[in-house]
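Visitor: I would like to learn how to read a model with two chains. Where do we begin?

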Amino acid sequence: MKKDDKEKWIEQLRQKLDDFSEDVPESVWDRIEKDSMRKIVPFWRRWQSIAAIIILAIVSSVMVTLWDSSSEYIQKQQDKNISNLNIESKPIMTGDETNHDRIAILSREDEKPIKTKKDGTLSKNLVKAVASDWAMYNDSENETIPAKESPQVEKLSQKETNAAEKGNISSESKSETNTETSQKQASNQKRRAKESLYQYNANNIKREKQWSIALNSGGLGVNSTSNINGAMMRFSNSDYGLQQDPISSSLNMGSDNFIRNNYFADLSTINSIKTKKKHYQPVTFGLSVKFELDRDWSLETGLTYNYLFSKLDSDLGSDMLHQEQSLKYIGVPIKIGRNIVSLNKVNIYGSAGGEVETPISGKLKTYNVVNGKENLESEEDIDISKLQFSVGASIGAEYKLAKRFGIYAEPGIVYYFDDNSGIETIRKEHPLNFNIKLGVRFTFLK
Amino acid sequence: MSQSIDIDELSIVRGCQNGDNTARRRLYEKFSRQLMSVCMRYVSDRDIAQDILHDGFINIFDSIRRFKYMGEGSLKAWLTKVMMNESLKYLRKNAKLNEISYDEMPDVADDEESDISDISASVLMELVRKLPDGYRTVLNLYVFEDKSHKEIASMLNISEHTSSSQYFRAKKLLTTMIKEYRDHEER
C-alpha cells in the first residue's frame, strides 16, 4: 500500500490537516441558498408543463370525440327524416303538389335516399336544383299538364277543333302528334329533374366518418457540423449544457446569477482555441390519432418522443476536451389535415400544425483527452425547464395495404422556435428544417 | 469499512434528497468549514476557495439524489471528493501544474523530517498554501487522496514523471519551510 511509502511526518501532516477547518463568511451560504433555490422551481415547472400537455391532449381528444358523436346524432336524425319523407309521399302527381312531395316521389321511385335538414324540410339549394327542371315536368302516365302550360294547350286544342271542322282526320292526327310530343318532353324533363336531384345528393350526403391511429418514425434532413474559433463553453451556465455564444459567455466571470465561472488560463488565447460542434440527426418516434371531421378535413394529435444528440470537441492546447450532450423530449402535436387526392388504394393529403415539447431528461458528459486516452471527467444532468414550440407543414402519401391498414410517408418542413434555454442543439443551428415521417396507419370506423 | 450509521447524517442526506432547505442548511453547517479547508488546501487563495465552495455545494445539492449513504464517513468522503473535483477543474485551467520552480529548490540534504508533532495544524496549513501550485496539488492528491502518481498524471494532464518529481520536491520544500519556521520560533 502507498501508506508504507509515506514517512512518519507525512502521515502526521495528513492527520493534522484532514479535519482542519477554515472560517467561511455567512455571505457564501446566502449565495448558495439563493442559487440552489432557483433550481428547485424549474423542476416543478417541468411537471406542470407535462401535466398541462397531457390535459390538453385529453381535452382535445374528448372534444373531437364529442363532435363526432354529435354529428353522428344528426346523421341518425336525418336518416329518420329520409324514411319519413318516403312514407309520407303521395304516389300520384297533381299540379298542386309541393316540391317536397315531388322530390319524395322521385326518390321513392328510384329508391334513393334524399338528404334533408334537421327539421325534415328540404334545403333551398336542393329545391332550386330540381325546380328549374320541374317547371316543365309533365307526368306522361297521367297526362298531367302543369297549370302554366294549360292555357296554351287549350288554345291549341281550340285551334285544332276549329281546324277539325274543315277536315276531321287532319285535326285528330294533329292532336295525336301533340300528345306524343308532350309525352316525350315530359319524360325528358323528369329524367333531367332526377339527374339534378341525385347529383345534388351525391355531393352532400354524409358518409360514415373514420378515425385512425398511426405509428411513425422520422428524422430531420441534415446533421449539423461546424467549426468555430473560440473557446468552448464548459459549464458556463446553470443548465450545464453546450452554450450558444461561446465568447461572450466565457467573459461572464462570476455574477449574481448562478453562472459557473468559466475559467480560462489566458483570455488572449481564446481565438487560438478551436472547437468542433456536431449535432446529429434527431431520432423521433410518434404515436398519433387522426379524427376525420368531414370528407376533406381531419384533426390529428398524439405523442412524440425526440432524442437529440450532439458532440463538441475542443482543443485547448494542453487539454483536449470532448463533450457529449443528449436530450430527450416528449411532445404533443396538433395538426389539421386536408385530403388532396383520394383514390382507391392511395391517399394524398396535406397537413399543417404545431407541436409543443417538454424535455424529460438531459445529460452532459465531459471527457478530457490526455495522451490519446479519454477519461470521463464528469457526467451531469442538464436541467431545461423551457418548452419547445414548433410549427410545420407537410404533404403525406398513404398506401392502403389492406382495408384498415396502410403505410405512409409524410415529408415536410418544420420550424423550431427558440426555447430561450441557452442550450445549443440542432434546432438552434437550423430552426427551419426539412423532415420526413414514415409510418403505419390503422383505420377504424366510428 | 465502517458499517455503523450516523442517524444525524442519514436524516440530513434524506432531507437534502427531498430538496428540504432546512436539511441543506444543516449539511452546510456541519461540513462547510472542513470543506473550505479542503478547497484552500488546493487553491490557496481564500476568495477563489470561497467561489469553489459555493460551486461545490450547488453541485452537491443537485446530485445528492444520486448519493447512496453507506455508513459513517461515506458522506464526508463524497463531499470532499466533490470539492476536490471542483478545485481541480479550476487548477487545470488556471494553475501552471507542469512547472517546476527551480528558484525554490532547496539546498537541504536528504534528511527529511521525522516528527512534526510540535507544529500546529494552522501553521502547517499556511506552509502548504505557500507551496507552488504544482507541488501543492500533487502533494494533496498523493497524501490526502491516496492517489498513485499514475492516477495523478491522468487527472492533471501531466506525466507520471512530473508527478513524482513534484511530490519529491514538495516534500523537500516543505521540510525546508518547517525548518525555517522552527528557527524563527526559537528566536
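Guide: We begin with a definition: a contact means heavy atoms within 4.5 Å. Keep in mind that this is a predicted model. Now take chain B. Among its contacts between residues at least 6 apart in sequence, 71% join residues at least 24 apart.

Visitor: What pattern does chain B follow along the sequence?

Guide: Reading along the sequence gives α-α-α-α-α-α-α-α. That is 8 helices and 0 strands.

Visitor: How many residues does chain B have, and what percentage count as buried?

Guide: Chain B has 187 residues, and 57% of them count as buried. The chain exposes about 8,500 Å². Carbon and sulfur atoms supply 46% of that area.

Visitor: Now the interface. How is its size given?

Guide: Often as the accessible area lost when the parts come together. Here, about 5,300 Å² is buried between chain A and chain B. Carbon and sulfur atoms give 54% of this buried area.

Visitor: How many residues does each chain bring to the contact?

Guide: Chain A brings 51 residues, and chain B brings 56.

Visitor: Which elements of chain A give two or more residues to the side that touches chain B?

Guide: They are α1 (2-5), α2 (8-18), α3 (26-88), β7 (346-370) and β8 (373-381) of chain A. The largest share, 11 residues, comes from α3(A). By class, this side of chain A has 20 nonpolar, 7 polar and 24 charged residues.

Conventions
Residues numbered from 1 in each chain as written. Chains lettered and ligands numbered in written order. Predicted model: local features only at pLDDT ≥ 70, side-chain atom pairs only at ≥ 80, totals over all residues. Heavy atoms only, no water. Buried area = accessible area lost by both parts, 1.4 Å probe. Helix = DSSP H or I, 4+ residues; strand = E, 2+ residues; numbered from the N terminus. Nonpolar A, V, L, I, M, F, W, Y, C, P; charged D, E, K, R; others polar. Buried < 20%, exposed > 50% of the residue type's maximum accessible area, 1.4 Å probe, protein only. Areas by Shrake-Rupley, 256 points an atom, 1.4 Å probe, with all protein chains shown as cover.
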